Amino acid sequence: MSNKLNSKLSLPVIISILLHGILIIALGYKFVSDTGENYGSINGNSIDAIMIDPSVMTEQYQRQLQTQVNQQKADQKSQELLDKQIKELAEKAEAEKAAAEKAAAEKAAAEKAAAEKAAAEKAAAEKAAAEKAAAEKAAAEKAAAEKAAAEKAAAEKAAAEKAAAEKAAAEKAAAEKAAAEKAAAEKAAAEKAAAEKAAAEKAAAEKAAAEKAAAEKAAAEKAAAEKAAAEKAAAEKAAAEKKAKQKAEQAKKDKALNDLLGGLTSGTPSSGGAASRKGVSDGELDKYKSLVQNAISNKFINPPNVYRGKTCELQIQIAPDGLLLNVTSKGGDADLCREALAATKLAAIPKPASSLYNEVKTMNIEFQPK
């Protein structure tokens, strides 16, 4: 930079020196030529004899002096012009130097600024590159982390979805199984209910028919029993009247005999009458209990012989006309006793003979379905 500045400053100086040199040479040459002409004319090898007019000499001297003055003025003007030119050149050189220095300074400042700018830009670029690299690295790391997180989330989501699908499938299978079992159970229950309903309806129909037949049979049996009882009562009455008559005749005879024997036989009881009461009571009691059991069986329904081989002991209380007053179970199969109690309440209990009523007004029946 300094070499270029020195070269720019030396050019005006060289030009100024050359101009001064040319001016000095010119002045010296003129001075030599003027003095040489005069010296040669005076000091030459030959001297011409010339008459010189003083006025001419004076005029010539004055002209020469004027010429010298003019020359000096011209030289002065030339010198002033030269000085002015030199000054202008110097000023111009100074201006150019200042301009050059300014330009150099500006250039140096510009170069410095450019260098600083370049350095700053380079630093900024390097910083930007570093930041970019760091950002890219961070972005890459973030992208990798996000990718890993996304893959992990996707794996977890897939696992969760798989577990949920398996759970849903298991729940669906369980629900379908439960629904199938429920449907099967409901179907079985419906079939069972339908079968039970059909059986119940059939049983009810059979029971109604059996009850109707039993009622008809009971009515017929009751009528027959009443007729038989009436006939029996009539027969018993006739027999009792006959027996009473025979007893009266026998008592009359016994009295007569006792009177004859002096009352020796008056305290002896008649053994024949006691035997007769006992035989009538046992036969009538068994027959009546059989009639009562038949009446209960007529109202009892035993579908498909459910109660085969089972028994229930019933205690029955009746009125003199056969009206059922109360019935209880004293032991046996609970289900059979429940049905037997219901059948007993519907049965038509035959009217007992007046001689049997005290024996059967509270009686125990061991009921067994037929």
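Let's start with phenylalanine 367, which is buried at a relative accessible area of 0%. Buried here means under 20% relative accessible area, exposed means over 50%, and partly exposed is in between, with a 1.4 Å probe and protein chains only. Before I go on: this is a predicted model, where local features need pLDDT of at least 70 and side-chain atom pairs count only at pLDDT 80 or more, while totals for chains, interfaces and linings use all residues. Residues are numbered from 1 along each chain as its sequence is written, and side-chain values use heavy atoms, with hydrogens and water left out.

Okay, so which ring does phenylalanine 367 pair with? There are two aromatic pairs in total, where rings of Phe, Tyr and Trp (its six-membered ring) pair if their centres lie within 6.5 Å, and planes under 30 degrees apart count as stacked, over 60 as edge-to-face and the rest as tilted. Phenylalanine 367 goes with phenylalanine 300: the centres are 5.4 Å apart and the planes sit at 70 degrees, so we call that pair edge-to-face. Phenylalanine 300 is in the loop between helix 3 (271–299) and strand 1, and phenylalanine 367 is in strand 3 (residues 362–367), so the pair ties together parts 67 residues apart in sequence. Helices (H or I, at least four residues) and strands (E, at least two) are DSSP runs, by the way, numbered from the N terminus. Phenylalanine 300 counts as buried too, at 9% relative accessibility. Ring pairs bring Tyr307 into a cluster with Phe300 and Phe367.

We have one, defined as a pair of cysteine sulfur atoms within 2.5 Å. The partners are cysteine 312 and cysteine 337, with the sulfurs 2.1 Å apart. The pair links distant parts of the chain, 25 residues apart: cysteine 312 belongs to strand 1 (residues 312–318) and cysteine 337 to helix 4 (residues 334–346). The link is right-handed, with 115 degrees about the S-S bond. Cysteine 312 is buried at 0% relative accessibility, and cysteine 337 is buried at 5%.

Staying with strand 1: this strand runs antiparallel to strand 2 (residues 324–332), and seven bridges join the two. For strands to pair, DSSP has to find at least two bridges between them. The hairpin has five residues between the strands, and glycine 322 in it takes a positive phi near 95 degrees.

What about the core? The largest nonpolar core has 23 residues, and those with the most contacts inside it are Val292, Ile296, Leu314, Ile316 and Met363. Such a core is a set of buried Ala, Val, Leu, Ile, Met, Phe, Trp, Tyr and Cys residues joined through side-chain atoms within 4.5 Å. Helix 3, strand 1, helix 4 and strand 3 each supply at least two of its residues. Leaving aside neighbours within four places in sequence, valine 292 is in contact (heavy atoms within 4.5 Å) with residues including Ile316, Ile349 and Met363.

Last, confidence. The chain averages a pLDDT of 74, and 65% of residues score at least 70; pLDDT is the predictor's confidence in each residue, from 0 to 100. Over residues 261–280 the pLDDT is below 50. Where pLDDT is low, the predicted coordinates should not be read in detail.
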